[in-house]
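Please examine the sequence and the structure shown below.

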Amino acid sequence: MRMFSGVRAAALPLILVALLCGFSTSTTNAPDVAVIVTSAPAYDALAALRGGERFPQGAHLLLVQGGKAEPLVADFAASADASVSFDAKTVLFAGKKSAGDSWQIWELALADHALRQVSGGAADVVRPLYLPGRRLVFARRGPQGYQLIAADLDGKNELPLTYIPGSSIPDDVLADGRILFEAGFPLGTGSTPELYLVYSDGSGVESYRCDHGAHRWGGHQLASGDVVFTHGATLARFTSPFAHEVRVAAPGADYAGGIAETVSGPWLVSARTASGGDYALKSWQPNLSSEKSGAPLNAVLALPGENLVEPVLLASRERPKEHPSALHDWNYANLLALDVRQSRGGDLKTTPAQVRLETQDATGRAVVLGPSPVESDGSFFVKVSADRPIRFLLVDEKGSVVRQEHGWFWIRRGEQRICVGCHTGPERAAENNVPAVLLRSTTPVDLTGAQASDTARRAEKESR
């Protein structure tokens, strides 16, 4: 078998080398494209969301073209999570040089096959994705699970993007520069896989859609702007005309997620037809305007005892827009709510008396930072602690909670954010009115906890 130039098969397990050298498949169903896949004896797509290992028996990257597979990198005990640069000249991946190493980020230059280590340390670092502006985003394992980090391509100037308990795993970088990632729902507390968005400076975190409930993961943006993802047994998509997901009429199978869209139209998917079987690389021609599956799944490559997952095209692509950060040089953030009576779960008939802000202490226990009055039109304007988990509760005049967030979110330091209501969803727009809270004052109510801390310090000083 002709090896990918500069690659030595000796770095791979002997059983996998034997499979590759003895394997060949018809090119009839194979699109005329090069694709990189991760080959693994065992694969758990959602393990990372639990802080676990997706490839408990190791993994290796393969270059697939014309129905044949070749190792992509040599001298690695494990490799996975390929991300091709926008000009298709380099590939980021997660790798282990030795079996006992942690996962780290590496970059392969395709012209001369030079390797460069991007990340280091004892913690696992996985799922790298190229960002515009010579940066990347990845997930690093920490005490509270995997957290999103952005950094320069040399690994310097790291910037944390997530500030909540629980794991977050990047899926894709959208055309507008936002990062699509997976996390549990409710955010920071739940275990149902859901898709979220965040800018490359960590601001503007939000759910992609608010029709929560079904397990959603493995998101990827198409050339049309739609985002395709898997439920496991089915595929679905987010498309701009609808505020909810739309079913994709795909053939019955178990889909691992992370599709690759070819220029000619077919999708490359990782699928298996029997529960407990191995995922194979397959090609499928979608018809998104039809409610019937139509075209069948066509085999591109299958390896006995191996799961072929996370397909990525080895081709140039349009560079996403580079997000210009608008964060101020503050150690706090401001949040303006226009009408908290509005909600996707049903509008409140009476206006809450107050909003309370909660955060978490070092043990993860919820603590109240303070209250703020809610105006008659449902608006409030507050100054909040930045870069930490927060959530709001609405209470009536008796102090009883009438609505609350069950998950957590964060606001970046220097961020100014406006919310239409209380989890209203993208289908709701604000009324064309100046909120009453700004007619009363343009100074936000301080809910950072700083005033309470100052009072406590003064009381302690006076008691001495």
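The following paragraphs treat strands, individual residues and salt bridges in turn.

The model is a predicted one, in which local features need pLDDT of at least 70 and side-chain atom pairs count only at pLDDT 80 or more, while totals for chains, interfaces and linings use all residues. Residues are numbered from 1 along each chain as its sequence is written, and side-chain values use heavy atoms, with hydrogens and water left out.

Strands, like helices, are taken from DSSP runs numbered from the N terminus (strands: E, at least two residues; helices: H or I, at least four). Two strands are said to pair if DSSP finds at least two bridges between them. Strands β9 and β10 run antiparallel and are joined by eight bridges. They form a hairpin with two residues between them. Within this pairing, G142 has G145 of β10 as its bridge partner.

On to the next strand, β10 and β11 also run antiparallel, joined by two bridges. Here A150 stands opposite L159 in β11. The hairpin of β10 and β11 has six residues between the strands, and G155 takes a positive phi near 90° in it.

Burial is judged by relative accessible area (buried under 20%, exposed over 50%, partly exposed in between; 1.4 Å probe, protein chains only). Eight of the eight residues of β10 are buried, so this strand is largely enclosed by the rest of the structure.

Another group of strands forms an open sheet of four, in the order β16-β17-β18-β19, with antiparallel pairing. The edges are held by β16 (217–221) and β19 (246–248); each has a single partner strand, so one side of each is left without a neighbour in the sheet. From one strand to the next the twist averages 30°, the angle being taken between N-to-C directions of lines fitted to C-alpha atoms, on a scale from 0 to 180 degrees.

Three bridges pair β18 with β19 in the antiparallel sense. L235 stands opposite V248 in β19.

R237 lies in strand β18, which spans residues 235–238. With a relative accessible area of 11%, R237 is buried. What does the side chain of R237 reach at 3.4 Å? It reaches the backbone oxygen of L288. Such a polar contact is a pair of N or O atoms within 3.5 Å; within protein, one must be able to donate a hydrogen and the other to accept it, and residues adjacent in sequence count only if both atoms are side-chain atoms. Contact in the wider sense means heavy atoms within 4.5 Å. Not counting residues up to four places away in sequence, R237 touches D226, V227, V228, F229, E245, V246, V248 and L288.

**S83 in strand β4**

S83 belongs to strand β4, residues 78–84. S83 is buried, at a relative accessible area of 4%. A polar atom of its side chain lies 3.5 Å from the backbone nitrogen of Y130. Neighbours within four places in sequence aside, S83 is in contact with T90, V91, L92, P128, L129, Y130 and R317.

**Salt bridges**

Side chains of opposite charge can pair when their charged atoms come close. A salt bridge is counted where a side-chain nitrogen of Lys or Arg lies within 4 Å of a carboxyl oxygen of Asp or Glu. By this rule the count comes to 22 salt bridges. The table lists some of them.

| Salt bridge | N to O distance |
|---|---|
| E158 and R140 | 2.7 Å |
| D211 and R216 | 3.3 Å |
| R440 and E375 | 2.7 Å |

E158 lies in the loop between β10 (145–152) and β11 (159–160), and R140 in strand β9 (residues 135–142), so the pair ties together parts that are 18 residues apart in sequence. E158 is partly exposed at 39% relative accessibility, and R140 is partly exposed at 22%.

In the pair of D211 and R216, D211 is buried, and so is R216.

R440 lies in helix α2 (residues 436–440) and E375 in the loop between β28 (366–373) and β29 (380–385), so this pair ties together parts that are 65 residues apart in sequence. R440 counts as partly exposed at 49% relative accessibility, whereas E375 counts as buried at 16%. Elsewhere, salt bridges that share partners join R54, D81, R127, D171 and E310 into one network.
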